[in-house]
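Good morning, and thank you for coming. I would like to take you through one structure, beginning with a sheet and ending with the protein as a whole.

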Amino acid sequence: MWLKPEEVLLKNALKLWLMERSNDYFVLQRRRGYREEGGGGLTGLLVGTLDSVLDSTAKVAPFRILHQTPDSQVYLSIACGANREEITKHWEWLEQNIMKTLSVFDSNEDITNFVQGKIRGLIAEEGKHSFAKEDDPEKFREALLKFEKCFGLPEQEKLVTYYSCSYWKGRVPCQGWLYLSTNFLSFYSFLLGSEIKLIISWDAVSKLEKTSNVILTESIHVCSQGENHYFSMFLHINKTYLLMEQLANYAIKRIFDKETFDNDPILDDPLQITKRGLENRAHSEQFNAFFRLPKEETLKEVHECFLWVPFSHFNTHGKMCISENYICFASQDGNLCSVIVPLREVLAIDKTNDSSKSVIISIKGKTAFRFSEVKEFEQLVAKLWLKCGAASTQYHDISTEVPISSESVDPSDDIEVQSLICQRECSKTVNTEALMTVFHPQNLETLNSKMLKEKMKEQSWNILFTECGRGVSMFRTKKTQDLVVRGIPETLRGELWMLFSGAVNDMAANPGYYAEVVEQSLGTCNLATEEIERDLRRSLPEHPAFQSDTGISALRRVLTAYAFRNPKIGYCQAMNILTSVLLLYAKEEEAFWLLVAVCERMLPDYFNRRIIGALVDQAVFEELIRDHLPQLTEHMTDMTFFSSVSLSWFLTLFISVLPIESAVNVVDCFFYDGIKAILQLGLAILDYNLDKLLACKDDAEAVTALNRFFDNVTNKDSPLPSSVQQGSNVSDEKSSHIRVDITDLIRESNEKYGSIRYEDIYSMRCRNRLYVIQTLEETTKQNVLRVVSQDVKLSLHELDELYVIFKRELFFSYYWCLSSPVLKHHDPSLPYLEQYQIDCQQFRVLYHLLSPWAHSANRDSLALWTFRLLDENSDCLINFKEFSSAIDIMYNGSFTEKLKVLFKLHIPPVSKPAKEKEAESAKNSPEKGKEKVDIQAYLSQWQEELLRKEENIKDLPRMNQSQFIQFSKTLYNLFHGDPEEESLYQAIAVVTSLLLRMEEVGRKLHNPASSTKGLSGAVCASGGPSEGQTESHLEKDPSSLREEPQWSFAFEQILASLLNEPALVKFFEKPIDLKAKLENAKTSQLSSRTRK
């Protein structure tokens, strides 16, 4: 590899390098100790250790070329090589292309400049075809070379970054290098002759966390397939951990959870992944989650600055974050003050001419924001002007005092104007009012105490709007959060839910979208619409809004429109409960966009087939319980209790367990604080019931205690009529249980657990996602093994090992084949056996690794025929059950079973018409081509499988002449290399002769004129020919054989003949060590794909 020229002081390097070739301008050197007899002694060991531990140019490769000029002690390193062949090519190229040219230069300086320029040009040319890009640091190029040399992974494996660290082998730290690539975590260490090489695939990681103890002050713990690995002594452990976390989650999503990964074209190509790209992606995800922005937004710039807060009359320090369409600000602590400014709202961007380095952003509604102490503020203003598409680039100098007008205009009015036309067109079908205003209009003439409190809440919010502004660009402060905790007024709930959730931005970016989707989805009929119809009248059935056609129709439209928009989610139970509450307080179109915000951003992966998002947040909840309520953790022997209890809390935001008048206050907090509010409230509920839970003797008693608590949660300030309030039915009854007000409960959750940070929740979600998905995969594996173990003689341990190898081969095929459609067949909703299937090429690789017949000369043909035999539905895929059945017969089958398989391999299946194939495919997969699983089809398919097991050998077709010749060849190939090879050849010759004679006799009885004298005579010559003699005769001109009438054999004839030869029976019935074969396959499975 050509290297960027760097100076080397040769005098100090002679102790580590030996000179092999030299001329006037170049020197070729070999690393001391490399390829020397005995390893170069102690010096060689020390040099090898230095090469592994130290970060130096010398460590990269055992060969290098230096450029020298006469009478100079300074040399330039220009090339290195991992082996002699590589470095020799570079040396010969220099002699042939450079040496003659150098003679024309007059000075040594000109020679050196020319050589440097030429080498840089070569590096640039190499960079066009290499993953080490031209602008990569030189050290990264060297690390890439060592990574390739040490691990020999395929060239497509992209190295992302590398770190110096220690790997703990027991209690001993081993200093070395950690390499992070797109599919693997790899570690290499060489210390005093002891080499450690570790390769872990990211998709096998079940736990990734930072830990610390007495010995390891701070380390990264990686758990893979039950083995624990610890890495420590990083220079920047937090950055390293974040990158490892992202790579692991990227692999998990790409392979196990592909349905959520398809919409991510950037990461869909592993070759495009870079360290910087992953870091930027993590920052963008946290940025979007914190400010509730559309997930398409990408964080472009971050500037530390001060924001002038006019109503408090002070500058607050924080960060200005800029994306494609938004300017956001968050104070240093994140809670004091935050602002979101959509660029669509911006009217002007100016800068001051004083020393304050201020940027003034004016928006609709006569409001302006002043950001001061902004570095490079002039360039920032220019960029923002371009983003806003301003017609003029002239900047105005204004005073440093920027007043904020008390007149506030709701920007949501503009959104309503944009979609007004579309709403008019669909006014007959889409409700333009919240259901609460229709069914519970506020009567100002009959104000009671609750209505007065409601008006006081509204007044408090109006005061806040006057101070902080109203709409998407309002200041969000601690006071805002306090008002949310108290409960949002009924009349403002829809508007503020839209604002705090970020749904207002989605609706503004897609005017008229909802009306179009409603129109397109009307009349559609599929599984989702059937489930929606079934659940419509189960959604808040006690509320009058959903006892009428108005509410039911609105709910149907929103759910059907969302199922049409996002068919991957379609419809999931709990969506109806959530949507019905949204419709009470928001207009129909707003309720749709609120549902989009919840399902696609705020609760990602909650509403899919496996509810992975909810399971992840349950794992986060358990982790928080361990941290904040340790006494409860000690009392509960099984933490899964909390998962079973809390699932409905997360899926329905407590709506299904709390009275509706209390649940809406929880939804208020959720839209403001996200999942953090739900986690805090869950902790507060457990804390409130701590004594009762500690006194419970079993899970049922604990569930009863929590349900009784929820029944006694009230909202004393709710203005809803008593006929609607679910808690009012018990509120007046005498009860020994204490009433708990929802506002007090939420306030307590904020006070006790408000210290939980968004960043911590994000990190816990990433960490627990690995655990959840690996747990689901383990469940899938156990179910598959349970089903398969009933039909094979393999032990559970052998099946487990075989399953790991089977699935690993499938994943390897996807690692480096970007166009491979393999994983498109992985669908978690399918039955367990059909989730992972391999194609013919993958089966061929596994056949070579595992089959006891893989030594045969025609092993590729045997692999193809075996795959064809197993692929009964002709879809070019086989599942693990089919695969394991073949391996089981090869290792544990009886003589008859093995012979029957070999017999069937040489009889091609009868080709079926295309229509018949399609019908059979639909029959074999009852869920495909239909929206609903056909149980009867599954039962009939199962019955057919049972009948196939009882297949009689008499039902097998006869083997014709050419098939028998190929069958005989296969047997000869199987015997090759066996200790009893000669006796086996003799036995098969005798069997062949006997079979041909039997066929000749049988044919004479039917047709005396026919004879097979020529063929049988040759086979019987000398009492049994050698392999070569028999094969040569079997391969005689086929035309001469066609002159004779075609002969054929039944399976019973072949079986009976072979049973008469003890050598053949012994060969097929001798035990074979499958355990050793599995171990060898595990170690060589990856190496079979390494660089040649």
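Predicted model: local features only at pLDDT ≥ 70, side-chain atom pairs only at ≥ 80, totals over all residues.

Strand β10 is joined to β11, residues 219-224, by six bridges, and the two run antiparallel. Which residue in β11 is the bridge partner of leucine 208? The partner is valine 222. Please keep leucine 208 in mind, as I shall return to it.

**A hairpin**

Please turn now to β2, residues 17-22, and β3, residues 26-31. Five bridges join these antiparallel strands, and a hairpin of three residues leads from β2 to β3. Within this pair, tryptophan 17 stands opposite arginine 31 of β3.

**Two packed helices**

My next example concerns helices. In general, two packed helices are described by the angle between their axes and the distance between those axes. Here, α15, residues 478-486, packs with α31, residues 742-753, at an angle of about 145°, and the axes are 8 Å apart. Which residues meet at this contact? From α15 they are Gln481, Val485 and Arg486, and from α31 they are Thr743, Ile746, Arg747 and Asn750. Sorted by class, the contact has two nonpolar, three polar and two charged residues.

In soluble globular proteins, nonpolar side chains tend to be buried together. The largest nonpolar core of this model has 144 residues, of which Trp461, Met575, Phe607, Phe671 and Leu686 touch the most other members. Helix α22, residues 588-602, supplies the largest share of this core, with 10 residues. Setting aside neighbours within four places in sequence, methionine 575 is in contact with Leu559, Tyr562, Ile569, Gly570, Leu595, Cys599 and Phe607.

**The whole protein**

Finally, the protein has 47 helices and 24 strands. Of its 1092 residues, 53% are buried. Among contacts with a separation of 6 or more, 68% are between residues 24 or more positions apart. The accessible surface is about 50300 Å², and carbon and sulfur atoms account for 52% of that surface. Thank you for your attention.

Conventions. Residues numbered from 1 in each chain as written. Heavy atoms only, no water. Helix = DSSP H or I, 4+ residues; strand = E, 2+ residues; numbered from the N terminus. Buried < 20%, exposed > 50% of the residue type's maximum accessible area, 1.4 Å probe, protein only. Contact = heavy atoms within 4.5 Å. Areas by Shrake-Rupley, 256 points an atom, 1.4 Å probe, with all protein chains shown as cover. Pairing = 2+ DSSP bridges. Axes fitted to C-alpha atoms, helices over the stretch in contact; angles between N-to-C directions. Nonpolar A, V, L, I, M, F, W, Y, C, P; charged D, E, K, R; others polar. Core = buried A, V, L, I, M, F, W, Y, C linked by side-chain atoms within 4.5 Å.
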